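Subject: Handover of a structure for your review

Dear colleague,

Please find below the structure that I am handing over to you.

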Amino acid sequence: MTIRNLNNSPTGLTRRSALAVTGGALTAGALSRATSAQGAVTLRWWSPQSVPAQLAAYKLQIETFEAANPGIKVVFEPTSDETYAAQLAAAFASGQVPNIVTHLPSFAVGNYWRSGLLEPFNDVIQMVGPEKFYPGANRIYEVEPGVFAGAGIGGTAANSLWLRTDLMKKAGIAEAPKTWDELRTAARKMQGGGIYGAPLPYARNSMTTLIFICFIHLAGGQVFTPDLQVAIDSPETLNALEFYKSMRELCPPGATSYSWGESLTAFVSGATATGIYTGRVLANVNAQNPSIKDSITCTTYPSISASVPSWTFNDFPSMFIPKAAKDMGATKKFAAHIYAPEGYIKQLHAAPGHVLPVLKTIADDPKYQDNPIIAKYANEVKIMAAASAGGFNLGFESAKHKPNAKAGEVVNSAVIAEMVQRVCLNNEDPKKIVGETAQRIEKIVKG
Amino acid sequence: MTAVEALPRPAEQGLKLSTRYGLLGALLIAPTVLIFCAVIVYPLVSAIYLSLFSIYTPTLKGRWVGLGNYADLLASGEFWNALGVNLIWTAGTLVLQLVAGVALALLLHQNIVFRSLARSLILFPYFMSTVVAVLVWRWLFNDLYGILNHAMMWTGLLSMPLDWLGRMPNAMISVILVGAWKYFPFVVISVLARLQTIPDHLYEAATMDGAGRWARFTDITLPQLREVLFIVILLRAIWDFKEFDLIYLMTGGGPVTSTMTLPLLVYKQAFALNEMGGASAVAVLMMIVMLGFMVLYFRTGRTAEN
Amino acid sequence: MRRFLFNLFAWTVVGLVAFPLLWTIVTSLKPQTELFRIPPSLLPGEITFEHYRRLLRETRFPTYFANSVVVAVGTTVVVIVVALLGAHSLTRFAYPGRERLAQLVLFTYLLPSVVLVIPLYLLLVEVGVANTLFSLTIAYTTFALPFALWLLRSFMAGIPQDLEAAAMVDGASRMGAFVDVILPQALPGIISTAVFTFILAWNEYLFALVLVNQDTARTLTTGVINMLVTSFHIEWSLLMAASVMMSVPIIIVFAFLQKHLTRGFGAGGVKG
């Protein structure tokens, strides 16, 4: 506007007005670009799971939905495990939210529900058919009696122990390790010649936090008591730290900045003899490093001793709908459509054994069973399915625990990852650090 | 703006020429002033205002806490740690930039073959996106497949791959190095431009007086560069101090909080801890620190001049 | 002989500085299988453009690229127009508060983006333009305008007053003299300021990270990083190809405007 005023001056209009016009056109163009999408109904779908095979499955789900529902467009937008919290926080704050968010940890759901940001998911569950879900599959999403904040889209066994049978044989290891001592010995034996023992993360990120929570449980400890008092300051945590620190020399140097992608790639590319991951390993090995495809297997992660049971980290990948989402009718319809067998099976097959079905009707479906990788690694998939069914996470540490609505903030604050780094990398006094960490978690819970 | 209010309407006839020019001048600066008010002054004031609340980011619901955020921050080790880290990073990378920048400017001022290609190659890092620089360096630093580790193992400098980004002090050294690599061309451009304006006869006279290479550098070149170096240091110090992209993308602030500078702390508070008020307080404190340094800087600059 | 050694030395230094750039290109041309070879091969055994093809065909890279072009060009045009008028006013007109304003420009220079990003975000949400390229253009003026104004001001102050006075004696108006005399004189400075502004906007990351959460409005910086963090097997060759493609506009600037860049910068920018 101010530019237009100046055009009234008597001379030299051409160049200036040309500049002004271009400027105006550009900004107007940018505006219309952004608003044009709002003419028809467009649904935005966020997920941190977006490798090419999964994208292909999503594309099929979107196309079948769009064909059946003319006038509705669905756009998939990738997010990531390390950045979704910040992105969603910004999206909620601006009111420009995605319509559907899938594959986030279940504890994120409780957190957003508590802040009044989510739409009840009951309608979608009804559309899918509540009887099709495994019994109790959605119990953790039942935030008030009869009200569901979201639903599961799959289960995972995120801390499965992956092993290279060829390297084990070479090192003279007969059996998969059951305890930490056995694991450490095996990793040490297999290390060498450019191959490291394990790809445990020592970074300041959520993977380190989530994986270390597993180790606290594998030592027989817990982060919170069943009635959600902070319980991390325990001898079990100290044991877990001691073991984790001793594993450092058996992990690649860059493990100090590993997240899920790097840790996975380390095992898949053959750089480490053991791995800690979901069933995604299967698909990735077959696609990227087929030379080891006949010498991989998995089992539940070892615990400190035979008397402590294994503890599986089930991320409970979730699905939820933000309250502020536009076109709620179409949104719910599409949410239900994601569970439709054809697309849902394709989605699960994109990384067989990685995300395990939450619908028992699907698990039993011959079409789901009919997959070369699931057939080839039937035993591994069975182990992971069983582990994931009995799995927990920080939002829900055991069957006795109350759901923890602060789990998201505790994970995002990175205090647990910092504790791991302080002790394992900086050699600080574990007792002192664990005490401080307990206080910091306490502050987050209160804040 | 006060000028506009004080003066009669522009359409009025018989206005003094100087007044009319003043008015035109005010009109020309008006767009700038308007934009400044909207996108700089207003956000600045509201940053200070926001810092007095506790605000949950996703809902933007706030609660007045007065100076509570500041009290918490100043009492916590986190803020002081970030400030310390910030100063180490700024000083480290700035010194490297200056040394490398001046040295390469002198080199490029000489007559070497394919000089303009050499210049292009040297200047390029400065103009490339920080995102690209980070990707490239993270690939070079890669523990298993990075060329840097292999080159150093091949030459015998290392026996095991080095963890460039995950340990201290490596992580700090690495970001300082990459920062220097990315930003030293700014020093090169500025110094090179100034070198070209130093009259040759000064050197000729000095040579006749028997001054050696080094003496000519310290007696003629450096004093001639003083002014330009002053500005360059000023600018680079400001930019390095507030650098976010490079550090955030290289290390994310880790290991632990060893490379967590103030801008990263702001981002963490706002979007990881969902504490917008606390984040604003960090930002305001950061600005105060920067202002303090600027004032100090201008003072020393002025006294040095006298 | 001494010349030769000096040249060798100089080019070794240049080569070291430029090595990461060359390595980027080499990596982007290597087949995926060659990437994880230990030790790495210095030159690709086989050259492939597969990664570029995939980048352009199978990823959102072209969208991000187009977005970056719109935002960077938009910001540059707006900022240069406004700053040119502002700088002219600051260097050629007398009115109360002028010196204060010049100081304000310098002050806004000190402001870290991170101070402004949160309130600016809330402001843009309020106005209802969050998540658009337009919001990025607005946000980018916060650093680009003070920068351009400061650069242009010091540059235009260096243009002799006599020329303008002569034009006005010949009957030109103030604005006429501005267009006919000052603009041509200031052209190298304008070009260098424009190039710098464009590059600042092209490379910006923080605002793009916070203000945009929609894939259709992502720029290259956040889009490519998103490709890095969302992938479950990090494809370095694809990322290196993306790095090369991201640098294309800058390479173009280099090929055609480098003289302007150094000359304009030296004369206009650093004198203060």
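The notes below go through the chains one topic at a time.

This is a predicted model, in which local features need pLDDT of at least 70 and side-chain atom pairs count only at pLDDT 80 or more, while totals for chains, interfaces and linings use all residues. Residues are numbered from 1 along each chain as its sequence is written, and chains are lettered from A and ligands numbered from 1 in the order in which they are written.

Domains of chain A

The domain bounds come from an automatic or database domain assignment. For chain A it gives domain 1 (41-153 + 315-376) and domain 2 (160-311 + 392-446). The centres of domain 1 and domain 2 of chain A, taken over C-alpha atoms, are separated by 27 Å. Between them, 19 residues of domain 1 of chain A are in contact with 20 residues of domain 2 of chain A (contact: C-beta atoms, placed from the backbone, within 7 Å). On the domain 1 side, helix 5 (residues 106-114) of chain A gives the most, with 6 residues (helices, H or I with at least four residues, and strands, E with at least two, are DSSP runs numbered from the N terminus). By class, this side of domain 1 of chain A has 10 nonpolar, 5 polar and 4 charged residues (Ala, Val, Leu, Ile, Met, Phe, Trp, Tyr, Cys and Pro count as nonpolar, Asp, Glu, Lys and Arg as charged, and the others, Gly among them, as polar).

A sheet in chain A

Chain A holds an open sheet of 3 strands in the order 9-8-10, with antiparallel pairing (strands pair if DSSP finds at least two bridges between them). Strand 9 (274-277) and strand 10 (296-299) of chain A each have a single partner strand and stand at the edges, so one side of each is left without a neighbour in the sheet. From one strand to the next, the twist averages 30 degrees (axes are lines fitted to C-alpha atoms, for helices over the stretch in contact, and angles run from 0 to 180 degrees between N-to-C directions). Strand 8 (residues 160-164) and strand 10 of chain A pair in the antiparallel sense over 4 bridges, and Trp162(A) stands opposite Cys298(A) in strand 10 of chain A. Two helices lie across these strands. Helix 11 (residues 260-268) of chain A lies across strand 8 and strand 9, running at about 145 degrees to strand 9 of chain A. Helix 12 (residues 280-288) of chain A lies across strand 8, strand 9 and strand 10, at about 125 degrees to strand 9 of chain A.

Chains B and C

The contact between these chains takes 70 residues from chain C and 70 residues from chain B. Helix 1 (residues 2-29) of chain C gives the most to the chain C side, with 12 residues. That side of chain C has 50 nonpolar, 19 polar and 1 charged residues.

In chain B, helix 9 (residues 200-208) is hardly covered, as the count of buried residues among its 9 residues is 0 (a residue is buried if 20 or more other C-beta atoms, placed from the backbone, lie within 10 Å of its own). Just after helix 9 of chain B, Gly210(B) takes a positive phi of about 90 degrees.

With kind regards

Methods. A residue is buried if 20 or more other C-beta atoms lie within 10 Å of its own, exposed if 12 or fewer, and partly exposed in between; C-beta atoms are placed from the backbone.
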